[in-house]
Amino acid sequence: RTIERWWRRATHKSGFLAIVLVLFSWVVVGQGITMAVVPILTRLYHPEQFGVYSLFTSAASMLGVVAALRYEYAIVLPEDESAARSLVNLGLGLAAIAAALTWILGSIVAGLIGMTTEISELRPWLSWLAAAVFLSSAYSIFMYWSLRQKAFTSLAISRVVIARAMASVQLIAALVFGPYTALLIAAMLVGQAAGVLFLLWKTGCRISRTVNRREIRAIAKRYSSFPKYSALGSLLDGLSSLMPVAML
């Protein structure tokens with residue numbers, strides 16, 4: 001009876017297994033879209049373009065992971081809704097600062113890279129990292145906000161929205177304008193932006209124009225353990241994933 005009772009609770013519409021199945025099914029659909037267009041994309045774009053694109057996405061993911069200093073982890077913790085919104089505002093502010101620093105450093109590095117070096121193909125895209133870092137971090141922030149709101153279906157569908165937006169831009173743009181590395185990178189940015197806007201729409205999260213700085217400082221101090229103990233580890237994990245791609 002205990003097992004039967006647990007199974008009924010788990011498979012209920014709001015049960016654990018039902019939520020897992022919803023998340024898993026939509027993620028599979030999203031991955032299926034990506035896998036379906038890969039054979040077509042490999043015939044439209046050149047291998048070296050995919051190489052630059054892979055390095056760009058890996059670098060953006062690595063920096064986007066730590067852009068908000070992992071304060072997004074804390075969004076699900078406060079009992080007070082205003083405290084959770086303050087964490088969202090804090091994360092977005094930190095992501096914007098990280099994006100600005102990425103743009104500055106990217107511009108400097110782009111100017112230092114010589115046109116004769118082997119990595120000169122990365123030069124035009126270094127300043128684009130700023131937008132990619134911000135969007136990657138913003139999606140992570142609103143992902144945890146969606147978990148707090150128990151918007152599991154919306155969160156799962158957002159993965160499909162990202163995959164569809166990226167695939168559509170990559171295919172249509174290549175057919176209309178031809179194969180360019182910029183189109184691959186632009187498709188990534190469009191996909192991430194679509195995911196962020198979709199979660200904003202579905203969760204009804206409103207970004208306040210007026211920010212209480214005292215409350216932001218208090219909430220940052222309250223959950224300071226996340227940047228202290230999680231940010232560096234996440235950065236090293238991202239760096240370990242980036243290095244093989246960069247070496248290749």
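Reply: Lys150 is found in the loop between H5 and H6, where helices are DSSP runs of H or I with at least four residues, numbered from the N terminus. This is a predicted model, in which local features need pLDDT of at least 70 and side-chain atom pairs count only at pLDDT 80 or more, while totals for chains, interfaces and linings use all residues. Residues are numbered from 1 along each chain as its sequence is written, and side-chain values use heavy atoms, with hydrogens and water left out.

Me: Is Lys150 buried or exposed?
Reply: Lys150 is exposed, at a relative accessible area of 64%; the cut-offs are under 20% for buried, over 50% for exposed and partly exposed in between, with a 1.4 Å probe and protein chains only. Its phi is positive, about 60°, although Lys150 is not a glycine.

Me: And what is phi of Arg70?
Reply: Phi of Arg70 is near 65°, again a positive value in a residue other than glycine. Arg70 lies in the loop between H3 and helix H4 (81–112), and it counts as buried because its relative accessibility is 10%.

Me: Where in the protein chain is confidence lowest, and where is it highest?
Reply: Helix H1 (residues 2–11) has the lowest confidence, with a mean of 48, and helix H5 (residues 129–148) has the highest, at 92. The score is pLDDT, the predictor's confidence in each residue on a scale from 0 to 100; the protein chain averages 81, and 79% of the residues score at least 70.

Me: OK, then H5. At what angle do H5 and H6 pack?
Reply: H5 and helix H6 (residues 152–177) pack at about 150°, with their axes 8 Å apart; axes are lines fitted to C-alpha atoms, for helices over the stretch in contact, and angles run from 0 to 180 degrees between N-to-C directions. That makes H5 roughly antiparallel to H6, since angles over 145 degrees count as roughly antiparallel, under 35 as roughly parallel, 65 to 115 as roughly perpendicular and the rest as oblique.

Me: Which residues make that contact?
Reply: On the H5 side they are Tyr139, Met143, Ser146 and Leu147, and on the H6 side Phe152, Leu155, Ser158, Arg159 and Ile162, where contact means heavy atoms within 4.5 Å. The residues of this contact of H5 with H6 divide into six nonpolar, two polar and one charged; Ala, Val, Leu, Ile, Met, Phe, Trp, Tyr, Cys and Pro count as nonpolar, Asp, Glu, Lys and Arg as charged, and the others, Gly among them, as polar.

Me: How do H3 and H5 pack?
Reply: H3 and H5 pack at an angle of about 50°, with their axes 8 Å apart, and they are therefore oblique to each other. The contact involves Phe56, Ala59, Ala60, Ser61, Leu63 and Gly64 of H3, together with Leu129, Ala132, Val133, Ser136 and Ser137 of H5. Those residues of H3 and H5 divide into seven nonpolar, four polar and no charged.

Me: What else does Ser137 touch?
Reply: Not counting residues up to four places away in sequence, Ser137 touches Gly64, Ala67, Ala68 and Ala95. Ser137 counts as buried, at 1% relative accessibility.

Me: Last one: where is Tyr45, and what is it in contact with?
Reply: Tyr45 is in the loop between helix H2 (16–44) and helix H3 (47–66), and at 3% relative accessibility it counts as buried. Leaving aside neighbours within four places in sequence, Tyr45 is in contact with Phe50, Gln170, Ala174, Pro179, Tyr180, Leu183 and Leu184. The C-alpha atoms of Tyr45 and Leu184 are separated by 8.9 Å, and the two residues are 139 residues apart along the chain.

Notes: Helix = DSSP H or I, 4+ residues; strand = E, 2+ residues; numbered from the N terminus.
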